[in-house]
Amino acid sequence: MLPSGFAGLDPPAQWPRPRGAPSPDALDRPLDVLDGVGPTVRARLAKLGLRKIGDLLRYRPRRYESAAPERRIADLFGTEEVAIAGEVISVSERRRGRLKILTAKVADDSGSISATWFNQPWLTRQLQPGQRVRLRGRPGRYGFDVRSFDLNGLVATADFAPVYPASEDVTPKKLRE
């Protein structure tokens with residue numbers, strides 16, 4: 001006769017909880033106990049059905065974005081999605097009808113390129129000359145079309161990252177935080 005259970009023993013009626021497992025009470029705590037979640041972000045997350053820490057942990061990414069290779073500006077070629085890092089030289093904003101276009105000249109030790117963002121006028125206050133940026137996007141017809149970015153030396157942009165279903169109120173980047 002073959003032995004039953006784990007290592008020949010009958011399995012227990014209930015396994016003990018591992019030491020690092022969160023208590024069930026912790027999963028029922030509201031989201032505003034987390035850093036960076038105040039009343040405004042809490043209300044925006046509630047629109048997605050996220051009210052407790054347990055809800056947030058069960059909110060699955062839609063897909064994962066693969067890592068993008070980092071290139072020097074002088075080595076950009078074709079339409080491959082890449083990451084570049086450099087320093088902001090200048091920032092300008094213009095309108096084309098209802099579309100707001102933000103352009104920043106970004107340079108590294110190999111050259112410079114114009115990076116373009118669409119409909120993100122709030123970014124004008126954050127991008128300042130002399131600031132280090134890391135951009136993910138594609139070389140385009142008029143420069144570098146930015147898909148995502150990091151400011152102040154952060155390096156999450158080109159890494160393997162989850163992409164969450166989001167709304168206009170909560171960005172996938174905020175959900176990753």
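In this predicted model, A83 stands opposite R136 in strand β5. The pairing behind that contact point joins strand β2 (residues 82-96) to β5 through 6 bridges, with the two strands running antiparallel.

Strand β5 (residues 132-140) pairs with β6 in the antiparallel sense over 8 bridges, and a hairpin joins β5 to β6 through 2 residues. Within this pair, R136 stands opposite S148 in β6. Strand β4 (residues 111-118), by contrast, pairs with β6 (residues 143-151) in the parallel sense, over 2 bridges. Here T116 of β4 stands opposite D145 in β6. T116 is buried, with a relative accessible area of 9%. Leaving aside residues up to four places away in sequence, T116 touches I101, L102, T103, F144, D145 and V146.

The side chains of R136 and E81 meet in a salt bridge, at 2.5 Å from N to O. This pair links distant parts of the chain, with R136 in strand β5 and E81 in the loop between β1 and β2, 55 residues apart. Both R136 and E81 are buried. Salt bridges that share partners also join E81, R136, R138 and R147 into one network.

In total, the count comes to 9 salt bridges. One of them pairs R42 with D32, the closest N and O atoms being 2.7 Å apart. R42 lies in helix α2 (residues 39-47) and D32 in the loop between α1 (24-27) and α2, so the pair ties together parts that are 10 residues apart in sequence. R42 is partly exposed at 35% relative accessibility, and D32 is likewise partly exposed, at 33%. Another salt bridge forms between R134 and E70, with the closest N and O atoms 2.9 Å apart. Because R134 lies in strand β5 and E70 in the loop between β1 (63-65) and β2, this pair ties together parts that are 64 residues apart in sequence. R134 is buried, with a relative accessible area of 11%, whereas E70 counts as partly exposed at 44%.

As for confidence, the mean pLDDT of the protein is 82, and 89% of its residues reach 70 or more. Confidence is highest in strand β3 (residues 99-108), at a mean of 91, and lowest in helix α5 (residues 172-176), at 72.

Methods
Residues numbered from 1 in each chain as written. Predicted model: local features only at pLDDT ≥ 70, side-chain atom pairs only at ≥ 80, totals over all residues. Heavy atoms only, no water. Pairing = 2+ DSSP bridges. Helix = DSSP H or I, 4+ residues; strand = E, 2+ residues; numbered from the N terminus. pLDDT = per-residue confidence, 0-100. Buried < 20%, exposed > 50% of the residue type's maximum accessible area, 1.4 Å probe, protein only. Contact = heavy atoms within 4.5 Å. Salt bridge = Lys/Arg side-chain N within 4 Å of Asp/Glu carboxyl O.
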